[in-house]
Amino acid sequence: MNQPILKVENLVKNFELRANSGIRKTKRIVQAVSDVSFSVDRGQTLGIVGESGSGKTTVGRCVLQLLDITSGTISFEGKNLAGLSFEEMRQIRRKMQIVFQDPFASLDPKMTVGSSIAEPLVVQGVDGDHNEKVAHLLELVGLAADHAKRFPHEFSGGQRQRVGIARALALDPALIVLDEPVSALDVSIQAGVVNLFGDLQERLGMSYVFIAHDLSVVRHIADRVAVMYLGKIVEIGDKKSIYDHPTHPYTKALLSAVPVPNPTTERSRSRIMLQGDVPSPVNPPTGCRFRTRCWKATELCASTEPQLVVRPTGQLSACHFPE
């Protein structure tokens, strides 16, 4: 029970881009995820944060084997997921589920909410009274049991996401990947959904991989945080170390953009404005991938790629000139 429920080592995921250029076909490789390693303990939440295009969603889909990995290993409950047969992977998927970002697109509009929640039970051949199970799941996520007869269009965005959470809980999973589960919701209802995740984890003991770009949300729910930039983890550690003592310039820039509710404190803060756009993953910069936007960059950053190093405050970060 002391081993991590999920262990990812040296994960690489490449995508091929094919294009027709006259009579010649060209092929380019996009390295969406590059040498990513982390672990998640039982009952723990790992938050993965970064800008759009950082590779965080690709990591989540690779963990669930929704995407075939290029290289590396992904172990769940001590078992390497690579090379498993369809039936073996099918059994493991009972313990690994996902809540998608868009609650409007993740539910079939032609199916009742009850049918959508019961579908995993049907697919996995679970015996028993599905109606009773569906009613229990709806109540567990804060909805009424009689909502099972309604269709998705009869619910608000927050309610639909609760239905998606109920569906993910149907098979009593040990790990759930939450792929930006509140970013499509109104700010007024985000807190309720995030609090629901915390309550469910405390009650059911699940582990989460929480993917998001909103650092204030991640701070509320995560135990550990991994910061990604252009396919790589640039800083990873426990929540307190990351938020109180960021050592990578990119992490510091992200945190400077998070608003503080105290107006006096907010006015006295200096926000770090990054220059330029995220480079193309087709042709990433040499050395440190963040150097093209970093105010500390030198020739060393262009020639030598920094490795993740343990810092005095406990976290690991990949920077030649840490904060």
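Is R219 buried, partly exposed or exposed? In this predicted model, R219 has a relative accessibility of 42% and therefore counts as partly exposed. A search of the whole structure finds 11 salt bridges, the largest pocket holds about 510 Å³ of space, and one cavity of 30 Å³ or more is present.

- The side chain of R219 meets that of D244 in a salt bridge, with an N to O distance of 3.5 Å.
- D244 belongs to helix 8 (residues 239-244) and R219 to helix 7 (residues 215-221), so this pair ties together parts that are 25 residues apart in sequence.
- D244 counts as partly exposed because its relative accessibility is 33%.

- E77 and R42 form a salt bridge in which the closest N and O atoms are 3.7 Å apart.
- Because E77 lies in the loop between strand 4 (71-76) and strand 5 (79-80), and R42 in the loop between strand 2 (24-40) and strand 3 (45-49), the pair ties together parts that are 35 residues apart in sequence.
- E77 has a relative accessibility of 26% and so counts as partly exposed.
- R42 also counts as partly exposed, because its relative accessibility is 34%.

**Salt bridge between E51 and R293**

- A salt bridge joins the side chains of R293 and E51, at 3.1 Å from N to O.
- R293 is placed in the loop between helix 10 (263-268) and helix 11 (299-303), and E51 in the loop between strand 3 and helix 1 (56-63), so the pair ties together parts that are 242 residues apart in sequence.
- R293 counts as buried because its relative accessibility is 10%, and the cut-off for buried is under 20%.
- E51 has a relative accessible area of 25% and is therefore partly exposed.

- S207 is located in strand 8 (residues 207-212).
- With a relative accessibility of 1%, S207 counts as buried.
- A polar atom of the S207 side chain lies 3.0 Å from the backbone oxygen of D41.
- When neighbours within four places in sequence are left aside, the residues in contact with S207 include I5, V40, D41, R42, G43 and Q44.
- The contacts of S207 also include A174, L175, I176 and Q201.
- S106 is found in the loop between strand 6 and helix 3.
- S106 counts as buried because its relative accessibility is 18%, which falls under the 20% cut-off.
- The backbone oxygen of D102 is reached by the side chain of S106 at 3.1 Å.
- Not counting residues up to four places away in sequence, S106 touches F100 and R167.

**Helix 1**

- Six of the eight residues of helix 1 are buried, so this helix is largely enclosed by the rest of the structure.
- The buried residues of helix 1 are K56, T58, V59, G60, C62 and V63.
- Q65 follows helix 1 and has a positive phi, near 60 degrees.

**The largest pocket**

- About 510 Å³ of space lies in the largest pocket.
- This pocket is lined by 19 residues, of which R93, M96, Q97, P120 and L171 are the closest to its centre.
- Helix 2 (86-92), strand 6 (96-99), helix 3 (113-123) and helix 5 (157-169) are the elements that give two or more residues to the lining of this pocket.
- Helix 3 supplies the largest share of the lining, namely four residues.
- By class, the pocket lining consists of 11 nonpolar, four polar and four charged residues.

**The largest cavity**

- The structure holds one cavity of 30 Å³ or more.
- About 60 Å³ of space lies in the largest cavity.
- Residues that line the largest cavity include H248, P249, C288, F290, R291 and C294.
- Its lining also includes K296, C301, A318, C319 and H320.
- By class, the lining of the largest cavity has seven nonpolar, two polar and two charged residues.

Technical notes. Residues numbered from 1 in each chain as written. Predicted model: local features only at pLDDT ≥ 70, side-chain atom pairs only at ≥ 80, totals over all residues. Heavy atoms only, no water. 1 Å grid on protein atoms, 1.4 Å probe; cavity = no way out; pocket = protein on both sides within 12 Å on 5 of 7 lines; lining within 4 Å. Points joined across faces, edges and corners; volume = space filled by probe spheres on them. Nonpolar A, V, L, I, M, F, W, Y, C, P; charged D, E, K, R; others polar. Buried < 20%, exposed > 50% of the residue type's maximum accessible area, 1.4 Å probe, protein only. Polar contact = N/O pair within 3.5 Å; in protein donor to acceptor, adjacent residues only side chain to side chain. Contact = heavy atoms within 4.5 Å. Salt bridge = Lys/Arg side-chain N within 4 Å of Asp/Glu carboxyl O.
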